[in-house]
Protein chains: 2
Amino acid sequence: MEGNQVFLLPGPTPLPQRVIRAMAVPIIQHRGPEFKELLWEVTDGIKEIYQTNNDLLILTASGTGGMEAAVANFLSNGDKALVISVGAFGERFKKICSTFGVVYDSLDFEWGRAADPELVSEKLREDKNHKIKAVLCQHSETSTGVLNDIEKISRACQDHPALLIVDAISGLGAADLKTDAWNLDVVISGSQKSFMVPPGLATISVSGRAWEAAQKCNNKCYYFNLKQAKNFFEQGQTPFTPAVSVFLGLRESLKMMREEGLPAVINRHYRYRDMVRAGIRAMGLEPLVDESVASPALTSVKAPPGVKPQVIRQKLLAEHNVVVAGGQGKLADSIFRIGHLGFIQPGDIFSGLASLELVIRDLGVELEMGSSVKAAQEVYCKGAGD
Amino acid sequence: MEGNQVFLLPGPTPLPQRVIRAMAVPIIQHRGPEFKELLWEVTDGIKEIYQTNNDLLILTASGTGGMEAAVANFLSNGDKALVISVGAFGERFKKICSTFGVVYDSLDFEWGRAADPELVSEKLREDKNHKIKAVLCQHSETSTGVLNDIEKISRACQDHPALLIVDAISGLGAADLKTDAWNLDVVISGSQKSFMVPPGLATISVSGRAWEAAQKCNNKCYYFNLKQAKNFFEQGQTPFTPAVSVFLGLRESLKMMREEGLPAVINRHYRYRDMVRAGIRAMGLEPLVDESVASPALTSVKAPPGVKPQVIRQKLLAEHNVVVAGGQGKLADSIFRIGHLGFIQPGDIFSGLASLELVIRDLGVELEMGSSVKAAQEVYCKGAGD
């Protein structure tokens, strides 16, 4: 279908014109004074969003490359870890642990529910000999749209020496995440999320405690070696040729985030979440996730009885140019996911909801046209969280 | 310094306006019909440059990520390999082998010289029990500007079952490389080289024999798992979020390469090489590498006696906006490198040579101004290789 898409994904997110223009320039050298300045400026900007003074390294890779770096640099073959899993990305952490010989105990929660910090506490109290070297979990679990309470999980870890490794790929910049105040040792994110630039860069923060663990780590890595990345960073370089154009986009998008201010950026994501949830309910659909743990990055929606979510997505794309995400893993046949992450406008949400109404009405669901947009408008006028 | 740079690097290379425009568009979804078509079209285009019908996979990473994938997927911990090293990237293969527990025997040649295929033959003949599982080497060694004779190296391997793994990151598309006709099992390249797009993607071709080796491989990889990449490719996807904007650039640059025709693309690189070499000599400087093995991707130039190559580079950038690369490793203090790779124009070479004349004259080298440009013009008029 010709024309602009309404792009409602939990990443990649739409690109601001300012970012597109910032990237549409001649290439720059990655071992020269301009890149040095760019690398340092972008790193400082990302650290503001991370709310950290820890080291922050940028890898040319998808977010998953950052997850691999977080396991391979800080956990040894034979080490024990506790993986908290609330969805497909929790399962991904398990697979990466297995790849690197890390023996994991897992705390699995039903997909669509958040992790219970009390159970984390319990697991760690049981580990009297401190065999568990790291706790791994998601901030926003992108496969379900659940936001874990990282502050409470961190508190549950406080009397145990395990590192806390957080995949904040879709959550950072959408929900609050205080890397330093909450003592988060390793936090991973990606360029195509709240940062509003194309995919290609993963970011990872590293605490002093995590660097100490890295010293003792017997897992070897080359491309994702973070110590080497830190050494090069200090010279204003990356060990290997970086995705320069994404850096150029990031410099601009970080300016935009600074102009808006982090609290306002986060508030915007919550407002959009509430608009989408209100709209969904008004057309008689049900969000997968309870309000209290709903991620501001995306909303999973249960398909109406007898309707395949794949058909909804296909019709949205083919008939209305609206892009939403499918369910993953065991939820593939029961949900679809509406992203409200990054450079989304209220108009995208109105348009997406109106189109969704038409699609499910066409599939036999009874509803009052316009009701979902009205509900979203009402939230828009009230502001978020009221 | 304001104004356009004259960009003479062995990657990243300048971006054509067509590529910049192709990338300056709204983002697309990576799990949808548009990306599927994009992935398959780009893969087919890259396979033409590789001259292969083998599987071709695209990873979101620097070229070094492709080198890591080439070792980790096809060689087991404890396997023996033969690493042919003619420079810094040969040394990089050794480090990656060490990381993955691959025991390597090495054939080291003086930096600035090419590998001797006869010695490769000899090494393999000595390995009567076929302990060597793979031979690793560079096509164009980017640290020196040497082009290895991959066809002859391949012939040296033909009576031995070892896989032949070739790093063609800077060489592919600049010098001829017949992946299938020369029986090359694994060939690596990168987006920011002759493909004329920004860094962010590594490409890797895999022969049937290499896939068989992968079945038996005990090294585990997650992010760079090529079997998983192949499975996703068949569905028109990548396992992890790809650097979508670089793909969009590649679609356009591959069209440009097809319009020009691969023989003409390669001929252009040789012509530029000859222009640069003639110009260098005309101003009294000496290329590091003998004509017979000089890479068409870049030319290493020995700094004149008593002059630091770093000073030449700094002055070129500060006074003339000309970007060239420094020497690497043990050559850092004796050479600089002029790239003539990718989207370079003859005018860039004239401008670069004229600026270089002014810089070294300023540093006390006697020369006749204009002589190097004249020499390059003469080569330009004659065509390459005459």
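**Figure 1. The largest cavity of this predicted model has a volume of about 170 Å³**. A cavity is a set of points on a 1 Å grid over the protein atoms alone where a 1.4 Å probe fits but cannot get out, and lining residues have an atom within 4 Å of a point; the volume is the space filled by probe spheres set on the points, which are joined across faces, edges and corners. Of its 18 lining residues, Ile58(B), Leu59(B), Ala229(B), Thr238(B) and Pro239(B) lie nearest the centre. Strand S2(B) supplies the largest share, five residues. Strands are DSSP runs of E of at least two residues, helices runs of H or I of at least four, numbered from the N terminus.

**Figure 2. The second largest cavity holds about 110 Å³**. Its lining has 14 residues, with Ile58(A), Leu59(A), Thr60(A), Pro239(A) and Phe240(A) nearest the centre. Strand S2 (residues 55–60) of chain A gives the largest share, three residues.

**Figure 3. Cys137(A) and its closest cysteine sulfur, in Cys157(A)**. The two sulfurs are 7.4 Å apart, too far for a bond; a disulfide is a pair of cysteine sulfur atoms within 2.5 Å. Zero disulfides are found in the whole structure. Cys137(A) is buried at 0% relative accessibility (buried: under 20% relative accessible area, 1.4 Å probe, protein chains only).

Residues are numbered from 1 along each chain as its sequence is written, and chains are lettered from A and ligands numbered from 1 in the order written. Local features need pLDDT of at least 70 and side-chain atom pairs pLDDT 80 or more, while totals for chains, interfaces and linings use all residues; side-chain values use heavy atoms, leaving out hydrogens and water.

Notes:
Buried means under 20% relative accessible area, exposed over 50%, partly exposed in between (1.4 Å probe, protein chains only). On a 1 Å grid over the protein atoms alone, a cavity is a set of points where a 1.4 Å probe fits but cannot get out, and a pocket is an open set with protein on both sides within 12 Å along at least five of seven lines; lining residues have an atom within 4 Å of a point.
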